[in-house]
Amino acid sequence: MASPALIRSLARYVPVLDWGRTYNRDNLTNDLVAAVIVTIMLVPQSLAYALLAGLPAEMGIYASIVPIILYAIFGTSRALAVGPVAVVSLMTAAAIGKVAAPGSPEYITAALTLAFLSGAFLLGMGFLRLGFLANFLSHPVIAGFITASGVLIATSQIKHILGIKVSGDTMPEMLEGIFTHLGDTNLITLVIGVSATAFLFWVRKGLRPLLIRAGLGKRLTDIGTKAGPVAAVVVTTLVVWLFGLADYGVRVVGEVPQSLPPLTMPSFSPDLWGSLIGSAILLSVIGFVESISVAQTLAAKKRQRITPDQELIGLGAANIGAAFTGGYPVTGGFSRSVVNYDAGAETPAAGAYTAVGLAFAALLLTPLIYFLPQATLAATIIVAVLSLVDFSILPKTWAYSKSDFAAVSATIVLTLLFGVEAGVSAGVALSILIHLFKTSRPHMAVVGQVPGSEHFRNVLRHEVVTQPEILTLRVDESLYFANARFLEDKVYDMVASRPDLKHVILMCPAVNAIDMSALESLEAINERLRDLGVTFHLSEVKGPVMDRLKTSDFLHHLTGRVFLSQHQAIAELKPTQAA
């Protein structure tokens with residue numbers, strides 16, 4: 001019998017050992033109800049996202065079975081639903097489309113390999129506790145990327161609505177293809193696609209109020225609303241079958257294997273790995289950021305805790321599972337997770353029950369979707385992804401931060417023009433460059449004492465008292481290699497314009513760190529001021545920063561002192577008035 005201490009220790013890495021110990025009948029009931037609702041939603045959605053990735057329809061279902069179970073074991077979110085999502089499916093198509101032709105065995109192998117590489121990268125990040133790296137993707141860049149991806153995805157599905165063949169991964173390529181082949185539109189396919197799209201939009205907006213007016217309870221209303229896409233699938237499939245519309249050019253899903261997820265093997269070819277590794281890293285980071293954002297939002301509503309590094313392990317395990325069971329890259333989806341939460345899911349077991357439901361669907365229902373028109377799946381994708389499109393981020397960032405607006409705009413434009421990988425790479429690079437530029441020129445303010453108080457404020461913003469013999473410069477940023485020379489130049493310029501100066505105080509309440517380059521700049525400032533007969537002081541230095549300074553000999557050579565507070569510094573340095 002394992003000791004409680006051992007179980008608690010293992011539960012840090014296998015969270016099912018934590019929530020599983022307190023699992024009860026109420027949890028079971030709520031999880032089963034949530035699983036039924038999510039399963040109804042996922043059957044058409046999984047098929048549609050596989051279509052978006054250019055993969056056989058069954059791979060969408062396979063990617064929603066074993067990965068969900070593995071996440072339930074290793075993930076920390078009680079409500080996150082893992083599986084294929086729109087953005088990751090688009091990125092998968094863009095990545096593997098470079099190395100193999102869609103529909104070929106090599107294309108499927110590349111998808112499995114991409115899932116394996118993504119899973120391995122996520123696991124590595126989790127074990128090395130590198131979850132913080134995802135913070136380099138700023139929210140505006142993510143919002144811009146998802147908006148542009150939503151537009152790209154919706155545009156990519158127009159060909160299925162029209163029943164034409166269009167290639168290309170960028171907006172110019174797709175638009176050119178659509179207009180070039182517009183004359184080849186299949187009118188029957190167009191009617192099916194437009195009707196399904198209109199119906200699904202109505203389901204989102206109008207079905208719930210109708211069911212509520214009909215007197216159905218919350219649970220039945222939720223099930224009815226989420227069953228809308230299933231209804232579209234059933235009706236359009238029956239119409240195509242009954243009237244033999246496949247003989248009139250309506251493209252259908254075709255034969256889907258009636259089986260559980262097969263055991264598959266990703267490729268271990270160094271050449272293929274070299275071609276996919278960059279895409280796998282980008283896909284992993286984007287998927288993790290999307291997943292952790294959803295997980296933390298839902299956890300906060302119930303005051304639960306999410307462990308980012310363990311989430312990396314959970315998502316990594318899910319992707320590894322997808323690679324060996326006929327799937328493709330997965331992550332936590334926003335829409336399905338919200339549905340899972342709203343349906344009352346209490347634990348990750350809801351995901352495992354969903355996997356069981358999908359396994360039954362793979363065994364029993366796949367023969368029934370032979371005549372499912374691709375236009376219906378395209379309608380499902382369009383309705384789902386248009387909710388991701390949010391151009392309001394542009395006026396918001398323009399009003400608040402021009403630099404963030406530049407990052408968002410560049411991400412959107414580059415994603416549309418050059419594809420998802422170029423767009424998100426440029427967005428990340430631009431975000432980092434803007435951050436470096438801002439921190440390399442930190443805000444600095446000459447401060448004075450607010451009369452009748454111990455507070456010190458910017459002389460340009462407040463009526464304050466200053467001393468001609470004392471210059472107090474407040475630095476509102478940590479000091480590091482990128483801004484060290486800027487600090488030196490600022491201090492020298494200010495000292496040069498004050499001939500009566502005797503003391504310079506560097507006020508450091510916002511300085512959280514001083515690296516070696518900045519330390520050398522402080523030493524240079526100290527020496528230059530000493531040669532000019534000016535004493536150099538520090539005030540309000542934080543404890544961790546002071547601990548680092550004590551390991552150097554800077555404090556031994558400092559011509560002045562380190563004061564606990566700015567008020568103390570002024571009180572001791574200002575000249576005393578003659579009696």
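Residues are numbered from 1 along each chain as its sequence is written, and the side-chain values use heavy atoms, with hydrogens and water left out. The model being predicted, local features need pLDDT of at least 70 and side-chain atom pairs count only at pLDDT 80 or more, whereas totals for chains, interfaces and linings use all residues.

Helices (H or I, at least four residues) and strands (E, at least two) are taken as DSSP runs, numbered from the N terminus, and two strands are held to pair if DSSP finds at least two bridges between them. On this basis, an open sheet of 6 strands is found, in which the order is S4-S3-S5-S6-S7-S8 and the pairing is mixed. Strand S4 (456-458) and strand S8 (562-563) stand at its edges, and each has a single partner strand, so one side of each is left without a neighbour in the sheet. In general, strands of a sheet pair through backbone hydrogen bonds, in either the parallel or the antiparallel sense.

Within the sheet, S3 pairs with S5 in the antiparallel sense over 3 bridges, and Ala445 stands opposite Arg474 in S5. S3 also pairs with S4 in the antiparallel sense, again over 3 bridges, and here Arg457 in S4 is the bridge partner of Gly448. The hairpin of S3 and S4 has 6 residues between the strands, and in it Gly452 takes a positive phi near 75°.

S3 is mostly covered, 6 of its 6 residues being buried, where buried means under 20% relative accessible area, exposed over 50% and partly exposed in between, for a 1.4 Å probe and protein chains only. Met444, Val446 and Gly448 point one way from S3, while Ala445, Val447 and Gln449 point the other way, and all are buried. Helix H22 (residues 484-496) lies across strand S3 (444-449), strand S5 (470-475) and strand S6 (503-507), and runs at about 155° to S5; axes are lines fitted to C-alpha atoms, for helices over the stretch in contact, and angles run from 0 to 180 degrees between N-to-C directions.

Helix H11 (residues 187-213) packs with helix H13 (residues 228-243) at an angle of about 160°, the axes being 10 Å apart. That makes H11 roughly antiparallel to H13, a term used for angles over 145 degrees, with those under 35 counted as roughly parallel, 65 to 115 as roughly perpendicular and the rest as oblique. Contact means heavy atoms within 4.5 Å, and by this criterion Ile192, Phe199, Leu200 and Val203 in H11 meet Gly228, Pro229, Ala231, Ala232, Thr236 and Val240 in H13. The residues of the contact of H11 with H13 divide into 8 nonpolar, 2 polar and no charged.

Two further positions are considered. Ala81 is placed in the loop between helix H5 (66-74) and strand S1 (82-83), and counts as buried at 10% relative accessibility. Not counting residues up to four places away in sequence, Ala81 touches Thr331, Gly332, Gly333, Arg336 and Ser337, whereas the C-alpha atoms of Ala81 and Ala445, 364 residues apart along the chain, are separated by 49 Å. Glu58, in helix H4 (residues 57-62), likewise counts as buried, at 15% relative accessibility, and is in contact with Val256 and Pro257 when its neighbours within four places in sequence are left aside.

Note on methods. Nonpolar A, V, L, I, M, F, W, Y, C, P; charged D, E, K, R; others polar.
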